[in-house]
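Welcome! Please take a moment to look over the model below, and then we will walk through it topic by topic.

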Amino acid sequence: MSERDSFYLGALLHDIGKFIERARLRGWTQLARRYVEQKRTSGASHAHKRYSAAFIKWFRDKDFLSDAKIEEYALHHHPSREKGFGDYRSKNIHFKLIQIADILASKEREKVKDLQPVFYARARLQSIFSSIRLTEKTGDVYKPDIEYYDLNPLSILPEAMFPAGSSPRFTQQAYRPVVDNFRESFGKMRNHKELLPLLWKFFNTVPAQTPNKKQGEYLDRPDINLFDHSRVTAAIALCLYDEWSLGDWNGKDKTILNYHPGGAKQDDLPVPCILIGGDISGIQKFIFNVPSKGAAKTLKARSFYVQLFADLCAQKVLQALDLKPANLLYNGGGRFYILAPKSQEVQLVKCRNEIMQSLLLRKFIDDELSLSLASVDVTTGDFMERFGEKWRDVNRELEIAKMQKFRQSDYGDVFKPKEQRRANVEPGGGDLYKEITGLLKEDGYWISDVSENDLSESDGWRTLFRSMGYEVDFTSNDADDKTTVFNRTDFEGEYASFRFAVKDLPRWRPETIRQFMAEVKARGRSIEEYQDDDDKGGKREITDGHIITYSQLAFKAFAETRTEKLGILKMDVDDLGKIFAEGFPEDLKTPSRVMSLSRSLQWFFEGYMNTILRDEEFRDYIYPIFSGGDDLFMVGAWHKVFDIALKIQEEFRKFVCNNPSLTLSASLLVVDEHYPVSRFAVLAEERLHEAKYGRTGKNSINVFGEILSWDEFRNAWNIKEKLVGMVGDGEPKAIIQKVLQGCRGLETLYGRTPGKQRSFAVKVWQMAYFFRDLEREHSRAVAEEIIAEYEKVVFAAIKGEAVNPMYIAVGARWAEFMCRKSL
């Protein structure tokens with residue numbers, strides 16, 4: 001193992017002792033104490049460094065930890081301040097580089113007055129969402145709810161990352177069983193590449209700092225997890241090492257050893273780092289540019305292809321710049337960020353040109369995916385004071401780069417004629433990418449290097465990846481040290497890593513096939529109407545494991561509501577760019593916090609979304625085209641799409657601690673099963689834009705052409721439930737039409753001058769008149785509730801309050817679609 005590799009591992013594992021120490025296990029305490037007894041380091045402060053060294057030494061038999069220097073790097077990342085110890089005033093340049101990186105990453109340790117002190121072995125991690133505030137949404141005096149996590153390993157289950165209460169401390173010792181499990185899992189590691197996912201799994205809810213009473217009046221805010229702090233420290237440290245050995249820090253040992261981050265001369269040293277941003281453009285056009293026929297077999301494939309392309313672009317940059325996994329700060333939603341040494345700028349340009357060359361040589365004119373790369377300088381002072389500005393700067397540069405994507409490309413490569421082939425009409429096979437849909441049934445996938453000699457004209461969807469130098473394949477029940485497993489974190493000793501991905505589609509099972517067949521027959525239809533064409537001109541039987549197609553999803557809606565329609569849901573996080581730029585106070589805009597926020601949102605859309613979709617209520621009804629980063633797009637049986645929209649919004653509210661700075665907006669469409677895919681994608685985007693910038697502003701949903709707040713949408717659901725219940729109890733379906741009739745014209749109330757629409761008051765008596773002939777006592781009681789709701793919202797709108805009374809009409813329209821089965 002090279003000195004550089006050992007240095008990186010020492011930086012990555014430098015604070016592992018914080019986790020070990022909190023278990024308060026006698027065996028580890030004795031091992032840590034020996035470093036003081038041997039005079040190798042002081043015992044007066046920073047006990048965690050000794051636990052870090054002891055843990056590393058315990059696993060010295062691992063090949064990747066066999067270098068004794070790794071133990072030394074962890075042991076001495078805080079120098080002793082007492083004479084008589086081996087690291088007193090140490091002049092070791094490697095120790096100093098890690099010390100600097102740790103301080104730059106530790107700028108997040110904000111001191112807070114009046115914070116409740118907690119014994120370090122009982123401290124819980126505070127939710128990152130409790131630190132965010134957009135004053136334009138919350139006002140100046142708003143203070144987010146402070147909530148904390150339990151100490152659970154990472155998974156797709158809610159207990160992994162949902163807040164678990166307002167108490168900052170565990171009621172009992174929580175670290176011991178987790179530390180024991182971690183030690184056992186660590187023993188299964190086969191190489192250093194498996195370390196980062198292991199740390200993510202166990203350190204995700206471990207606080208990197210705790211509010212200890214010894215700190216005085218101002219205590220550390222415990223909102224940064226140990227995983228993000230460790231990986232950011234390792235990323236910075238590697239950049240500093242490369243600048244010291246190959247860049248502008250070379251030969252400046254004296255200046256480095258005397259350097260004090262945060263001091264008056266903190267920018268005396270040359271720029272050590274660049275923040276690289278990568279953006280995949282053309283995603284929506286690429287995914288949705290397919291025929292409606294067979295779309296269910298293609299859309300997910302194209303969506304996952306985009307994810308793979310982003311993964312490989314990020315990996316290409318990492319390899320070209322000789323960086324480690326920790327340097328990839330974020331990768332999701334078609335965008336990635338990498339921290340790299342300044343000395344690698346020239347290599348970055350070369351790498352960008354190589355990727356662009358592969359893109360320009362593609363055979364298909366309808367594949368318009370493109371990569372933009374940009375970078376900005378990051379000084380040591382930027383880490384301490386201006387990292388939020390650097391984040392904004394690189395995003396600004398990315399927008400410029402997207403408009404100059406052919407810059408530095410040869411004229412001939414851009415403008416020379418191409419063979420006119422389309423990926424979605426490949427001879428004999430339909431869409432080029434649909435094979436991926438079947439491969440996503442596998443448990444995992446692997447990526448390996450490939451040489452130019454392995455390229456072939458018949459590589460299909462793999463052509464671009466192979467031209468970039470990579471092979472991608474999928475595997476099931478074939479675990480090895482290069483396979484990444486989907487949506488499972490129990491990878492130790494079997495797989496190389498894990499990743500979260502919403503990749504599973506609604507598929508037929510024997511019991512659902514029997515039910516579907518019976519429903520089709522009961523309604524006098526032929527099963528052939530819902531079977532796909534096979535390659536011989538016949539019909540393909542519906543069998544176990546096959547994807548439930550869009551026409552089949554629409555029929556499932558028909559079987560339950562008599563409305564044979566698809567629902568379309570597009571949803572994303574509001575003001576995400578502004579949240580990163582302005583959501584944290586200036587002194588909290590640190591790399592670890594930004595990464596923690598990004599990764600938390602990514603987990604909700606790529607990890608926890610699997611738990612929602614696997615619920616029995618949705619698993620056979622919803623087709624997720626994509627869900628990742630900060631947005632999603634789903635198709636399904638229309639009534640279940642409505643329900644899942646409400647479910648996702650309510651879960652998101654809990655996830656972000658009900659912080660009004662973090663909201664979702666959405667568009668809901670109801671379309672025929674044969675509605676053109678490209679058209680409903682555009683329409684969903686247009687309606688989402690209206691929801692964000694229409695009547696109520698953001699935190700809204702556009703449904704049936706009406707823009708409602710989420711509270712109004714919940715009220716619409718309540719109206720729907722009441723009307724459906726009344727019809728189900730035997731009342732005539734005409735009462736729904738009466739409610740719709742009573743809502744005509746109410747749309748003109750919203751946003752008008754208060755008091756200028758008093759004539760609408762008569763509509764309250766009109767609504768009561770419509771319900772006059774109800775015979776059942778229970779129905780009359782429900783009707784009174786609807787009338788009271790109607791009266792409240794109408795008069796609120798007349799007064800000029802920010803309500804949209806048309807949610808009553810949305811609820812009635814929703815009920816109308818639900819009650820067609822009663823005809």
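Leaving aside its neighbours within four places in sequence, which residues is Thr-298 in contact with? The partners are Val-290, Asp-431, Lys-434, Thr-437 and Tyr-623, where contact means heavy atoms within 4.5 Å. This is a predicted model, in which local features need pLDDT of at least 70 and side-chain atom pairs count only at pLDDT 80 or more, while totals for chains, interfaces and linings use all residues. Residues are numbered from 1 along each chain as its sequence is written, and side-chain values use heavy atoms, with hydrogens and water left out.

**Two buried threonines**

- Thr-298 is found in the loop between helix H12 (283-288) and helix H13; helices (H or I, at least four residues) and strands (E, at least two) are DSSP runs, numbered from the N terminus.
- Thr-298 has a relative accessible area of 6%, so it is buried; buried means under 20% relative accessible area, exposed over 50%, and partly exposed in between (1.4 Å probe, protein chains only).
- Thr-210 sits in the loop between helix H9 (195-203) and strand E2 (218-220).
- Thr-210 counts as buried because its relative accessibility is 9%.
- Thr-210 and Asp-490 are 280 residues apart along the chain, and their C-alpha atoms are separated by 28 Å.

**An open sheet and its helices**

- Four strands form an open sheet in the order E4-E5-E3-E6, with antiparallel pairing; two strands pair if DSSP finds at least two bridges between them.
- The edges are strand E4 (328-332) and strand E6 (370-378), each of which pairs on one side only.
- On average, neighbouring strands of this sheet are turned by 20 degrees against each other, direction ignored; axes are lines fitted to C-alpha atoms, for helices over the stretch in contact, and angles run from 0 to 180 degrees between N-to-C directions.
- E4 and strand E5 (residues 335-341) run antiparallel and are joined by 4 bridges.
- Tyr-330 has Tyr-337 in E5 as its bridge partner.
- Helix H10 (residues 226-246) packs on the sheet and touches strand E3 (273-281), E4 and E5, with its direction at about 45 degrees to that of E5.
- Helix H13 (residues 299-320) also packs on the sheet, touching E3, E4, E5 and E6, and its direction makes about 5 degrees with that of E5.
- E3 and E6 run antiparallel too, joined by 9 bridges.
- Ile-276 has Ser-375 in E6 as its bridge partner.
- E6 is mostly covered, with 7 of its 9 residues buried.
- In a regular strand the side chains alternate between the two faces of the sheet.

**A mostly covered helix**

- How many of the 11 residues of helix H4 (residues 48-58) are buried? The count is 9, and H4 is mostly covered.
- Among the buried residues of H4 are His-48, Tyr-51, Phe-55 and Ile-56.
- The buried residues of H4 pack against helix H2 (16-21), helix H3 (26-37), helix H5 (68-75) and helix H8 (175-186).

**Cavities**

- Rolling a probe the size of a water molecule over the atoms shows where empty space is left.
- A search of the whole structure finds 2 cavities of 30 Å³ or more; on a 1 Å grid over the protein atoms alone, a cavity is a set of points where a 1.4 Å probe fits but cannot get out, and lining residues have an atom within 4 Å of a point.
- The largest cavity holds about 70 Å³ of space; a volume is the space filled by probe spheres set on the points, and grid points are joined across faces, edges and corners.
- Residues lining the largest cavity include Leu-125, Tyr-149, Asp-223 and Arg-599.
- The second largest cavity holds about 40 Å³ of space, and its lining includes Pro-168, Pro-211 and Pro-222.

- Most residues other than glycine have a negative phi, and most peptide bonds are trans.
- His-46, although not a glycine, has a positive phi of about 50 degrees.
- His-46 lies in the loop between H3 and H4 and is partly exposed, with a relative accessible area of 31%.
- Phe-704 is not a glycine either, yet has a positive phi of about 55 degrees.
- Phe-704 lies in the loop between strand E15 (700-703) and strand E16 (706-709), and at 27% relative accessibility Phe-704 counts as partly exposed.

Methods
On a 1 Å grid over the protein atoms alone, a cavity is a set of points where a 1.4 Å probe fits but cannot get out, and a pocket is an open set with protein on both sides within 12 Å along at least five of seven lines; lining residues have an atom within 4 Å of a point.
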